[in-house]
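Welcome! Take a moment to look over the sequence and the model, and then let us walk through them together.

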Amino acid sequence: MSAELGHFAVILTLLVAAVQACIGFAGAGRGRDAWMLVAPRAAVLQLGLLFVAGAALIRGFVTSDFSLNVVAANSHIDKPLLYKIAGSWGNHEGSMLMWAFILALYGALFAVLSGRLPLIFRARVLATQALVSLGFLGFILFTSNPFARSFPAPFEGRGLNPILQDPALAAHPPLLYAGYVGYSLCFSFAIAAMLDRQISTDWAAWVRRWALLAWMFLTAGIALGSFWAYYELGWGGFWFWDPVENASFMPWLAGTAFLHSIKVTARQGHFMRWTVLLAILTFALSLIGTFLVRSGVLTSVHAFANDPARGVYILAIIAATIGGALALYSRATFANEIEKSFQLLSREAALLLNNIFLATATATVFIGTLYPLAIDALGLGKISVGPPYFAAVFLPLCIPFFVILPFGPVLAWGRASWLQIRRALAAPLVAALLAALAFMSVRAELSLSVLAALFGAMWLIMSSVATLLAALDIRRAGLWGRLGLVPPSVVAGNLAHAGIGLMLLGIIGATAWRSETVVAVAPGDRIQLGGYQFVFEAVSQVKGPNYVAERARIVMRDLDGRTKTLTPEKRIYSAERSQTTEAAIDVKLSRHIYAVLGEQLEDGRRVIRIWEHPLVAFIWLGALVMVLAGGFGLRGGRR
Amino acid sequence: MRAGIVSLILYALILPAAALTPDELIPDPALEGRARAISAELRCLVCQNQTIDDSDAPLARDLRALVRQYILAGQSDAEIIAAVTERYGDFVLFRPRLSPQNYFLWFGPFLLFAIGLFTLWRILRKTRS
């Protein structure tokens with residue numbers, strides 16, 4: 001019964017969204033306050049209704065109501081409660097409902113918080129949100145209904161893919177979607193601004209906050225996904241340039257570009273058209289990401305062609321949203337656009353250069369991800385675009401970007417002087433060089449590319465810290481005395497840049513300095529890797545809630561004689577008839593020791609794989625710093 | 001060997017492999033390093049998006065063996081990749097060929113970057129005058 005309630009709630013939401021869109025635009029067009037006031041209320045109502053729908057679906061999963069098709073296909077009575085709940089968004093239909101729910105959440109949040117903004121602007125933003133909502137609710141109801149039932153109900157569900165039964169992956173989709181969908185508000189702001197024919201400083205301050213919030217969620221979501229891949233997929237890879245990863249990386253890159261161009265618009269009143277275009281493109285890429293992952297087009301163009309209903313519907317949503325927005329954009333002018341002059345050596349030029357780099361990076365990922373699909377669709381054959389391509393095209397773009405990045409935050413608006421740059425960056429430059437050399441001497445390997453990358457990481461970290469300290473001016477008043485006076489956006493920007501540096505450091509450690517050993521061992525055998533010695537003791541059988549596992553005991557001893565027991569597992573999930581490997585990871589900031597239990601050989605010996613991943617933790621530490629930086633940025637609006 | 005210390009430390013910079021078993025490895029680390037580098041370029045044809053070193057699939061195992069067989073036979077990296085492509089088609093290559101059909105894939109990003117820089121230059125010139 002509750003499933004029907006949920007289904008009904010989705011239908012009602014669709015109607016409410018239709019009303020919100022029509023009355024919002026009509027009211028704004030005719031200047032009727034009473035009509036426009038309907039929009040915020042409708043937005044809150046949408047949230048309430050979709051909350052009911054979401055709760056109904058989760059109830060179906062928790063109570064294992066296998067008459068619901070999604071529950072039968074993605075759950076099992078023995079599954080732990082957390083994964084029953086998370087299973088409700090770990091499938092196509094449920095995840096689309098969550099998409100719509102988060103969209104409603106952003107709409108309602110904006111409706112409640114935006115009381116200070118002009119009513120006509122609020123109405124237009126919310127009406128645009130409602131249009132997007134309409135598209136997705138229609139998609140859910142017509143092609144992907146999570147509340148569809150079968151009769152007779154199956155006796156048992158088919159279970160959830162075991163590699164998805166993981167805490168990080170339970171949280172990954174909500175975070176990622178909170179990022180994707182957050183950019184819908186930037187999109188709606190862009191539409192409203194184009195209809196208004198002006199961009200106020202208020203507009204820029206507001207849209208910057210929402211973009212930052214979405215960016216924080218997206219950063220956290222991508223980082224969590226990468227962390228999951230690291231410990232779950234069996235050897236410690238953290239980024240695979242997989243189309244699904246790329247789908248989330250594109251809006252991240254475009255959204256990062258937007259965060260930078262909005263600074264110029266907020267502060268100087270130019271680049272308005274470019275900023276608006278970026279807002280549209282960022283959300284477009286979020287939609288394209290959803291399309292890529294949800295349409296099945298990635299598995300094969302032909303799978304998509306055989307069951308095209310979903311893909312065609314999402315393509316239609318994308319075409320309508322992007323096409324409509326770009327049509328509006330082609331004629332958009334902004335009454336208050338300012339043309340101020342600036343030089344190459346200025347903050348404006350630096351931010352523009354940042355945008356050129358990030359836009360190219362976005363385009364590279366876009367081309368690399370979609371090229372095989374295009375080639376296949378045109379009947380020119382099948383090709384693969386993988387990590388070697390991105391290493392050859394994407395990374396060369398990153399190098400000059402990271403080298404010039406530290407200049408941005410120290411340049412003055414309009415026109416900067418070399419003297420000022422020297423004063424700000426000479427010390428961090430020297431410090432970065434020394435730090436890179438120090439690192440190399442510890443590692444005692446000579447590789448020019450690694451040295452260059454190390455210098456890049458150090459350069460980012462040192463210059464950010466130096467710029468931050470200079471802004472704090474701690475020589476005059478202690479650290480905490482000044483912290484409140486520095487604009488939060490300065491703290492946020494420099495922290496985020498330092499986060500990139502930390503992440504780069506982690507990437508260098510995990511790719512250039514990684515070492516591995518793969519051996520076949522019998523109980524009592526010793527394994528050597530770097531300064532560590534491992535003794536393989538035994539494999540025992542362990543029973544989990546919905547799996548049985550083989551668990552190895554490996555005793556690790558480091559150079560100082562400290563010991564630690566590692567217990568990697570191989571799990572067999574009987575319901576899903578599949579197995580997963582659970583790596584055992586000994587965590588230190590300086591390195592992870594990563595042990596995996598492999599297969600059993602014919603002579604009874606076990607394959608054990610052990611990796612040392614130096615500095616790998618810095619990848620996610622850097623992401624964490626970036627998210628925290630975003631938190632700082634949320635505090636600051638205009639000065 | 002069995003009772004003693006079993007150790008096989010390969011170089012740093014050697015590429016990772018999640019599915020490789022000890023009996024597949026070439027004892028000479030330099031040759032094994034080459035095998036890993038080649039494997040990183042080759043896609044397991046029956047998997048979603050895995051290199052042949054990362055995949056448990058029998059086909060990937062066969063390809064790994066084939067690559068090592070060619071290496072031991074003294075063929076160059078380019079010859080091996082060409083031979084594998086001959087047999088399995090372009091789909092096996094993670095690094096697409098530089099053929100006219102792929103020109104935009106390879107040069108598009110750099111072209112876009114150049115257009116971006118040109119635009120910046122024009123804006124700077126316009127605002128100066």
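In what order do the elements of chain B run from the N terminus on? They follow the pattern β-α-α-α-α.

## Before we start

This is a predicted model, in which local features need pLDDT of at least 70 and side-chain atom pairs count only at pLDDT 80 or more, while totals for chains, interfaces and linings use all residues. Residues are numbered from 1 along each chain as its sequence is written, and chains are lettered from A and ligands numbered from 1 in the order in which they are written.

## Chain B

Chain B holds four helices and one strand. Here, helices (H or I, at least four residues) and strands (E, at least two) are DSSP runs, numbered from the N terminus. Of its 129 residues, 29% count as buried. A residue is buried if 20 or more other C-beta atoms lie within 10 Å of its own, exposed if 12 or fewer, and partly exposed in between, with C-beta atoms placed from the backbone.

Two residues are in contact if their C-beta atoms, placed from the backbone, lie within 7 Å. Among contacts in chain B between residues at least 6 apart in sequence, 45% join residues at least 24 apart.

## Where the two chains meet

The contact between the chains takes 52 residues from chain A and 39 residues from chain B. On the side of chain B that touches chain A, the elements giving two or more residues are β1 (5-6) and α4 (103-128) of chain B. The largest share of that side, 11 residues, comes from α4(B).

By class, the residues of chain B on this side are 24 nonpolar, eight polar and seven charged. For these classes, Ala, Val, Leu, Ile, Met, Phe, Trp, Tyr, Cys and Pro count as nonpolar, Asp, Glu, Lys and Arg as charged, and the others, Gly among them, as polar.

## Two helix pairs in chain A

Helix α7 (residues 119-143) of chain A packs with helix α13 (residues 309-330) of chain A at an angle of about 170°, and their axes are 11 Å apart. Axes are lines fitted to C-alpha atoms, for helices over the stretch in contact, and angles run from 0 to 180 degrees between N-to-C directions. α7(A) and α13(A) are therefore roughly antiparallel to each other, a label used for angles over 145 degrees. The residues making the contact include A:F139 and A:F142 of α7(A) and A:Y313 and A:I317 of α13(A). In this contact of α7(A) with α13(A), eight residues are nonpolar, three polar and one charged.

Further along, helix α20 (residues 488-512) of chain A and helix α21 (residues 617-635) of chain A cross at roughly 170°, and their axes come within 7 Å. That makes α20(A) roughly antiparallel to α21(A). Their contact divides into 22 nonpolar, seven polar and one charged residues.

## A sheet of four strands

Chain A also has an open sheet of four strands in the order β1-β10-β9-β8, with antiparallel pairing. Two strands pair if DSSP finds at least two bridges between them. The edge strands, each pairing on one side only, are β1 (515-521) and β8 (584-587) of chain A. Neighbouring strands are turned by 15° against each other on average, direction ignored.

Look at β1(A) in more detail. Seven bridges join β1(A) to strand β10 (residues 606-614) of chain A, and the two run antiparallel. A:A520 has A:V607 in β10(A) as its bridge partner, and A:V518 stands opposite A:R609 in β10(A). β1(A) is mostly covered, with six of its seven residues buried.

## The nonpolar core

A nonpolar core is a set of buried Ala, Val, Leu, Ile, Met, Phe, Trp, Tyr and Cys residues joined through C-beta atoms within 7 Å. The largest one has 236 residues, and those with the most contacts inside it are A:A100, A:C186, A:F189 and A:A279. Helix α9 (residues 201-232) of chain A gives the most to this core, with 20 residues.

What does A:C186 touch, not counting residues up to four places away in sequence? Its partners are A:V207, A:W210, A:A211, A:F258, A:A279, A:T282 and A:F283.

## Details in the loops

A cis peptide bond, with omega about -5°, joins A:F151 and A:P152. A:P152 is found in the loop between α7 and α8 (167-196) of chain A.

A:S64 has a positive phi of about 50° although it is not a glycine, and A:S64 counts as partly exposed, with 17 C-beta neighbours inside 10 Å.

Conventions:
Angles under 35 degrees count as roughly parallel, over 145 as roughly antiparallel, 65 to 115 as roughly perpendicular and the rest as oblique.
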